[in-house]
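Here is a short report for a reader new to this structure. Look at the chain first, then read on.

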Amino acid sequence: MQIEARNAGRCYGDQWAIRNISLRIPSHEPLLLLGSSGGGKSTLLRLLAGLEIPQEGQILVDGNPLSANESDLRTHRRRLGFVFQDGNLFPHLNAEENITLPLIRAHGFSRSDAKTRAHTLLERFQLLSHIRHRPSELSGGQRQRVALARAMGHDPEILVLDEPTSALDPEMTGEVMDALETIRGSGKTLVLATHATGFARHLGGQVAFLQNHRLHWMGATRQFFDAPPTEESRTYLSRIHREES
Ligand code: ADP
Ligand code: MG
């Protein structure tokens, strides 16, 4: 599956959240969206994922423009997996049900197939002992691992993650990053907005660096960190490093 933004722009009121962005999600390597808060990372993720539509330009899926038709958008979203900052788990459902419900409702799984799939995933993320726990009975890191397991339920090619570790303390961040590393190793493409630059660097792939609502630079993650290509990227990295120390 190939997703591409072509001159994509989105505004809220009279303010452009992103403008004139063209990029393609690489296959089988991570795409890391970096840049200061308010620079448009979440907006770009939402456009690529079909959660919103651009007012300018287009999103192309396998070369075809994504239409604004709600049922086409829903079809597009169903092919992806999503994880957001706070997990967005259903609070009244336990870990297993959080995974099985969307599989049954949105992806046509039978109840027993959905349960089998949930067990496999909870085992992979070391959560089987918490299968009956509701979100309020899980730690932040465990909640995000359930959210990852849920996002992987229907075996999407591409996972879209918006700051999945930003609400976590460092130890829990490590747990979630290990889980993401496993997912990457299984051949999924991760599209990840994050401030966790240490982890981003480790993941490799490509960086799309957003600055002032535009795509300022895109290229190899290694180059971005080892030899920051522009004044703006150097300023951004030194600010992040100051915050981390
Ligand atoms: P980031 O994820 O990089 O912090 P966002 O995409 O959330 O950036 O935001 C980009 C800009 O768009 C910001 O100025 C933000 O205030 C604005 N924005 C984002 N979402 C909305 C919204 N739903 N309504 C109004 N303004 C929004
Ligand atoms: Mg954001």
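Helices are DSSP runs of H or I with at least four residues, strands are runs of E with at least two, and both are numbered from the N terminus. Helix α4 covers residues 111–124, which is 14 residues. From first C-alpha to last, α4 reaches 20 Å, close to the 20 Å expected at 1.5 Å a residue. That expected span is 1.5 Å times one less than the number of residues.

The buried residues of α4 are A114, R117, A118, L121 and L122. Seen down the axis of α4, they fall within an arc of 130 degrees, so they line one face of the helix. The arc is taken from the directions from the helix axis to the C-beta atoms. Buried means under 20% relative accessible area, exposed over 50%, and partly exposed in between (1.4 Å probe, protein chains only). The face turned away from the buried side carries the exposed residues T116 and E123. Cover for the buried residues of α4 includes α3 (95–107) and α5 (140–151).

## How the model is read

This is a predicted model, in which local features need pLDDT of at least 70 and side-chain atom pairs count only at pLDDT 80 or more, while totals for chains, interfaces and linings use all residues. Residues are numbered from 1 along each chain as its sequence is written, chains are lettered from A and ligands numbered from 1 in the order in which they are written, and side-chain values use heavy atoms, with hydrogens and water left out.

## Around ligand 1

Residues surrounding ligand 1 include Y12, A17, K41 and R46. Each has a heavy atom within 4 Å of the ligand. Helix α1 (residues 41–48) gives the largest share of this shell, four residues.

Backbone N or O atoms also approach oxygen atoms of ligand 1. The distance is 2.7 Å for G38, 3.3 Å for G39 and 3.0 Å for G40. The protein covers 58% of the 550 Å² of accessible area that ligand 1 has on its own.

E4 sits in strand β1 (residues 3–12). E4 counts as buried, at 15% relative accessibility. The C-alpha atoms of E4 and I59 are separated by 5.7 Å, though 55 residues apart along the chain.

T165 lies in the loop between β7 (158–162) and α6 (170–185). T165 is buried too, with a relative accessible area of 8%. Beyond four places in sequence, T165 touches T173, V176, M177, T194 and A196, with contact meaning heavy atoms within 4.5 Å.

Note on methods: A polar contact is a pair of N or O atoms within 3.5 Å; within protein, one must be able to donate a hydrogen and the other to accept it, and residues adjacent in sequence count only if both atoms are side-chain atoms. Accessible areas come from the Shrake-Rupley method with a 1.4 Å probe; for residues, only the protein chains shown count as cover.
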